[in-house]
Amino acid sequence: MSSHILSLPRIFLRSPFVTQKGLVIVAALAPLLAGAALAPLQLKSVSVELPESTRTFTGPGAEVVNNNCLACHSAGMVLQQPPLSKAVWGKIVHKMIATFKAPVAPEDVAPIVDYLAKGRH
Ligand code: HEC
């Protein structure tokens with residue numbers, strides 16, 4: 001089975017129709033619109049490759065970042081930042097906690113900052 005790379009609008013990628021594994025269930029409604037008598041409703045599965053890197057953090061140490069930083073925005077919001085020092089990442093993580101009420105356990109802050117300061121993943 002070949003997989004197709006579809007260029008989908010961002011909003012669609014976040015929709016409940018796209019599962020974690022990137023499986024999109026498409027109901028072929030065309031026959032219905034063309035006339036109910038023409039053909040029965042067909043369901044088909046389409047496999048798509050989603051831009052994984054903008055959905056989760058990867059590599060060593062990514063788990064704690066995935067667990068703490070994806071509740072409110074995509075990983076892209078974080079990954080699109082320029083390379084930043086540990087001090088600056090520390091400020092950003094504390095801003096998430098203090099300003100936006102991100103529920104980050106105190107012991108998770110250092111590993112998150114370490115991971116982010118290592119650059120692109
Ligand atoms: C409770 C919700 C929440 C959580 C959890 C959260 N953030 Fe945010 N984050 C926000 C909001 C709100 C913004 C601002 C979005 C905007 O400006 O449109 C933001 C923006 C950002 C930005 C963009 C730059 C900036 O300073 O505004 C970065 C980088 C970022 N978050 C990193 C993180 C990291 C790293 C974590 C994990 C420790 C995290 N966020 C967890 C709510 C959250």
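**Helix packing and the ligand shell**

Helix 3 and helix 6 pack with their axes 9 Å apart, at an angle of about 110 degrees. Angles of 65 to 115 degrees count as roughly perpendicular, so helix 3 is roughly perpendicular to helix 6. The crossing of helix 3 past helix 6 is left-handed. On the helix 3 side, the residues that meet helix 6 are Ala62, Val64, Val65 and Asn68. On the helix 6 side they are Asp108, Pro111, Ile112 and Tyr115. By type, the residues of this contact divide into 6 nonpolar, 1 polar and 1 charged.

I will come back to confidence at the end.

How do the axes of helix 5 and helix 6 cross? They cross at roughly 130 degrees and come within 9 Å. Helix 5 and helix 6 are therefore oblique to each other. Helix 5 passes helix 6 in a right-handed crossing, whereas helix 3 passes helix 6 in a left-handed one. From helix 5, the contact takes in Lys86, Trp89, Gly90 and Val93. From helix 6, it takes in Val109, Ile112, Val113, Leu116 and Ala117. The residues of this contact divide into 7 nonpolar, 1 polar and 1 charged. Ile112 of helix 6 is listed in the contact with helix 3 and also in the contact with helix 5.

Now the ligand. Which residues come nearest to it? Of the 18 residues around the ligand, they are Cys69, Cys72, Met96, Phe100 and Ala102. The elements that give two or more residues to this shell are helix 3 (62-69), helix 4 (75-79), helix 5 (86-98) and helix 6 (106-117). Helix 5 gives the most, with 4 residues. So what is the make-up of the shell, in nonpolar, polar and charged residues? The shell has 13 nonpolar, 3 polar and 2 charged residues.

Last, confidence. The chain has a mean pLDDT of 78, and 63% of its residues reach 70 or more. Over residues 22-27 the pLDDT is below 50. That stretch still has 16 contacts in the model beyond near neighbours in sequence. Where pLDDT is low, the predicted coordinates should not be read in detail.

Note on methods. Residues numbered from 1 in each chain as written. Predicted model: local features only at pLDDT ≥ 70, side-chain atom pairs only at ≥ 80, totals over all residues. Near = placed C-beta within 6 Å. Nonpolar A, V, L, I, M, F, W, Y, C, P; charged D, E, K, R; others polar. Axes fitted to C-alpha atoms, helices over the stretch in contact; angles between N-to-C directions. Parallel < 35°, antiparallel > 145°, perpendicular 65-115°, else oblique. Left-handed = near helix turned anticlockwise from the far one by under 90°. Contact = placed C-beta atoms within 7 Å. pLDDT = per-residue confidence, 0-100.
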